[in-house]
Amino acid sequence: MASAAILIIDNSQVNLSTLRTLLGRNGYELTVTEDAGTATDVLTADPTFDVILLSMAARGIDAVALCRQIRTNLLTSGIPIILIGAYHSDAAETVSYTHLT
């Protein structure tokens, strides 16, 4: 059985280390990008990820705009996105209801 392919978009080394350890040891195929531009390039080259883990708090990443971009692209619109963040904001709530469902 093939492992799930996960795209992680975050630039916190602590988060990346934790996710690599937890997910990697369970056999998931991980691709990591640290900025929205690279994430867009990766998704253009390979739109077959099973899930995207996207940091809401990463420096230099507009997670709301990236979610919109992923959702409006026919090749990536069906990929589930899990937002990573430990805070509440109106922007996160709006993107969760509007762009992720």
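Mentor: Let us begin with a single side chain and its partners, bearing in mind that this is a predicted model. Setting aside neighbours within four places in sequence, Leu 54 is in contact with Ile 9, Ile 61, Ala 63, Leu 66, Cys 67, Ile 81, Ile 82, Leu 83 and Ile 84.

Trainee: Which residues have the most contacts inside the largest nonpolar core?

Mentor: A core is read as a set of buried nonpolar residues joined through their side chains. Here the largest one has 19 residues, and those with the most contacts inside it are Leu 7, Ile 9, Leu 43, Phe 49, Ile 52 and Leu 54. Two or more residues come from each of strand E1 (5-9), helix H2 (36-45), strand E3 (51-55) and helix H3 (63-72), and H3 gives the most, with 5 residues. Another core, of 7 residues, lies apart from it and includes Ile 6, Ile 8, Leu 19 and Leu 23.

Trainee: Which way do the residues of E1 point, and are they buried or exposed?

Mentor: For a strand, one asks on which side each residue lies and then how well it is covered. In E1, Ala 5, Leu 7 and Ile 9 point one way, whereas Ile 6 and Ile 8 point the other way, and all are buried. The strand is accordingly described as mostly covered, with 5 of its 5 residues buried.

Trainee: In what sense, parallel or antiparallel, does E1 pair with strand E2, and over how many bridges?

Mentor: Pairing is read from the bridges between two strands, together with the sense in which they run. E1 and E2 (residues 29-33) pair in the parallel sense over 5 bridges, and within E2 it is Glu 29 that stands opposite Ala 5. E1 also runs parallel to E3, to which 4 bridges join it; there, Leu 7 has Ile 52 as its bridge partner.

Trainee: How should I read residues in loops, and where is Asn 11 found?

Mentor: In a loop, one looks at the accessibility of the residue and then at its partners from elsewhere in the chain. Asn 11 is found in the loop between E1 and helix H1 (13-24), and it counts as buried because its relative accessibility is 11%, below the 20% cut-off. Not counting residues up to four places away in sequence, Asn 11 touches Glu 34, Ala 58, Arg 59 and Ile 61.

Trainee: Which residues does Pro 47 touch?

Mentor: Pro 47 lies in the loop between H2 and E3 and is partly exposed, with a relative accessible area of 24%. Leaving out residues up to four places away in sequence, Pro 47 touches Leu 75, Thr 76 and Ile 79. The C-alpha atoms of Pro 47 and Ser 77 are separated by 9.3 Å, although these residues are 30 residues apart along the chain.

Trainee: What percentage of the residues of the protein count as buried?

Mentor: Of its 101 residues, 36% count as buried. Among contacts with a separation of 6 or more, 64% are accounted for by residues 24 or more positions apart.

Terms used
Residues are numbered from 1 along each chain as its sequence is written. This is a predicted model: local features need pLDDT of at least 70, side-chain atom pairs count only at pLDDT 80 or more; totals for chains, interfaces and linings use all residues. Side-chain values use heavy atoms; hydrogens and water are left out. Buried means under 20% relative accessible area, exposed over 50%, partly exposed in between (1.4 Å probe, protein chains only). Contact means heavy atoms within 4.5 Å. A nonpolar core is a set of buried Ala, Val, Leu, Ile, Met, Phe, Trp, Tyr and Cys residues joined through side-chain atoms within 4.5 Å. Two strands pair if DSSP finds at least two bridges between them.
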